[in-house]
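Here is a short briefing on a protein fold. Look over the sequence and the structure, then read on.

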Amino acid sequence: MFSVITTSPEQTWRVGQILGARLAAGDTVCLYGDLGAGKTSLSYGIALGLEVKEKYITSPTFTLVNEYEGRFPFYHMDLYRLSDPGELESIGFDEYIDSDGVTVIEWAERAGDELPDECFSVYLSSIDENSREIGFLVEGERYENLLTELQADLEKDRIR
Ligand code: ADP
Ligand code: MG
């Protein structure tokens with residue numbers, strides 16, 4: 001696990017932006033962490049990095065998924081209100097995952113076994129009011145390479 005600490009929401013956006021700039025068609029990013037940990041803040045940054053033009057990226061709490069257009073289609077999911085992984089079929093979960101878009105999933109654990117085998121997983125937790133630990137755990141060659149690139153980019157930005 002590689003992790004950094006951010007000391008403001010803006011810095012978490014920046015981490016997301018740096019990651020978003022590296023994401024490519026078909027990537028899936030799984031976000032974990034309690035309410036207020038910064039999942040939506042990171043997603044906002046990812047949207048910036050994907051050059052999504054909409055200004056307001058909000059959690060798709062009631063719809064479960066919001067669609068945006070950036071360098072790739074950007075699918076932002078929030079599974080907080082998912083009561084059962086079986087419900088995922090009705091929102092076309094697999095179609096999003098298998099698409100040429102980038103899918104970011106808040107509360108990814110709620111998808112259970114429906115998650116793809118390989119994900120770029122990000123674990124967020126609150127340290128204090130303005131500090132968040134952001135940890136990255138990846139599997140598979142694609143995401144291992146992505147993490148190596150991200151590590152170098154974050155270091156250049158002096159985010160540690
Ligand atoms: P989640 O989607 O995990 O529930 P949000 O991103 O919606 O979290 O909310 C995070 C909250 O924490 C926001 O109110 C934000 O202003 C605040 N915050 C304070 N410090 C940070 C930080 N370093 N990174 C991200 N959010 C932070
Ligand atoms: Mg959220």
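Which residue in β6 is the bridge partner of Tyr32? Tyr123 of β6 is the partner of Tyr32. This is a predicted model, in which local features need pLDDT of at least 70, side-chain atom pairs count only at pLDDT 80 or more, and totals for chains, interfaces and linings use all residues. Residues are numbered from 1 along each chain as its sequence is written, chains are lettered from A and ligands numbered from 1 in the order in which they are written, and side-chain values use heavy atoms, with hydrogens and water left out.

**The sheet**

- Strands of a sheet pair through backbone hydrogen bonds, either parallel or antiparallel.
- Here, 7 strands form an open sheet with mixed pairing, in the order β1-β7-β6-β2-β5-β4-β3.
- Helices (H or I, at least four residues) and strands (E, at least two) are DSSP runs, numbered from the N terminus.
- Two strands pair if DSSP finds at least two bridges between them.
- The edge strands are β1 (2-6) and β3, and each pairs on one side only.
- On average, neighbouring strands of the sheet are turned by 20° against each other, direction ignored.

**Strand β6 and its partners**

- Strands β2 (residues 28-32) and β6 (residues 120-128) run parallel and are joined by 4 bridges.
- Val29 has Phe120 as its bridge partner in β6.
- On β6 and β7 (residues 131-138), the pairing is antiparallel, over 8 bridges.
- Ser121 stands opposite Leu137 of β7.
- A hairpin is formed by β6 and β7, with 2 residues between them.

**Helix α1 against helix α4**

- Two packed helices are described by the angle between their axes and the distance between the axes.
- Helix α1 (residues 9-22) packs on helix α4 (residues 141-156) at about 135°, with the axes 10 Å apart.
- Axes are lines fitted to C-alpha atoms, for helices over the stretch in contact, and angles run from 0 to 180 degrees between N-to-C directions.
- The two helices, α1 and α4, are therefore oblique to each other. Angles under 35 degrees count as roughly parallel, over 145 as roughly antiparallel, 65 to 115 as roughly perpendicular, and the rest as oblique.
- From α1, the contact uses Val15, Ile18, Leu19 and Arg22; from α4, Arg142, Leu146, Glu149, Leu150, Asp153 and Leu154. Contact means heavy atoms within 4.5 Å.
- Of the residues in this contact of α1 with α4, 6 are nonpolar, none is polar and 4 are charged. Ala, Val, Leu, Ile, Met, Phe, Trp, Tyr, Cys and Pro count as nonpolar, Asp, Glu, Lys and Arg as charged, and the others, Gly among them, as polar.
- Helix α1 also lies across β1, β2, β6 and β7, at about 140° to β1.

**Helix α2**

- Buried residues of α2 include Leu42, Ile46 and Ala47. Buried means under 20% relative accessible area, exposed over 50%, and partly exposed in between (1.4 Å probe, protein chains only).
- The cover over the buried residues of α2 includes α1, β2, β4 (73-78), β5, β6 and β7.

- Most residues other than glycine have a negative phi.
- Glu51 is not a glycine, yet its phi is positive, about 60°.
- Glu51 sits in the loop between α2 (39-49) and β3 (65-69), and is partly exposed at 43% relative accessible area.
- Trp107 is not a glycine either, and has a positive phi of about 55°.
- Trp107 lies in the loop between β5 (102-106) and β6. Its relative accessibility is 9%, so Trp107 counts as buried.
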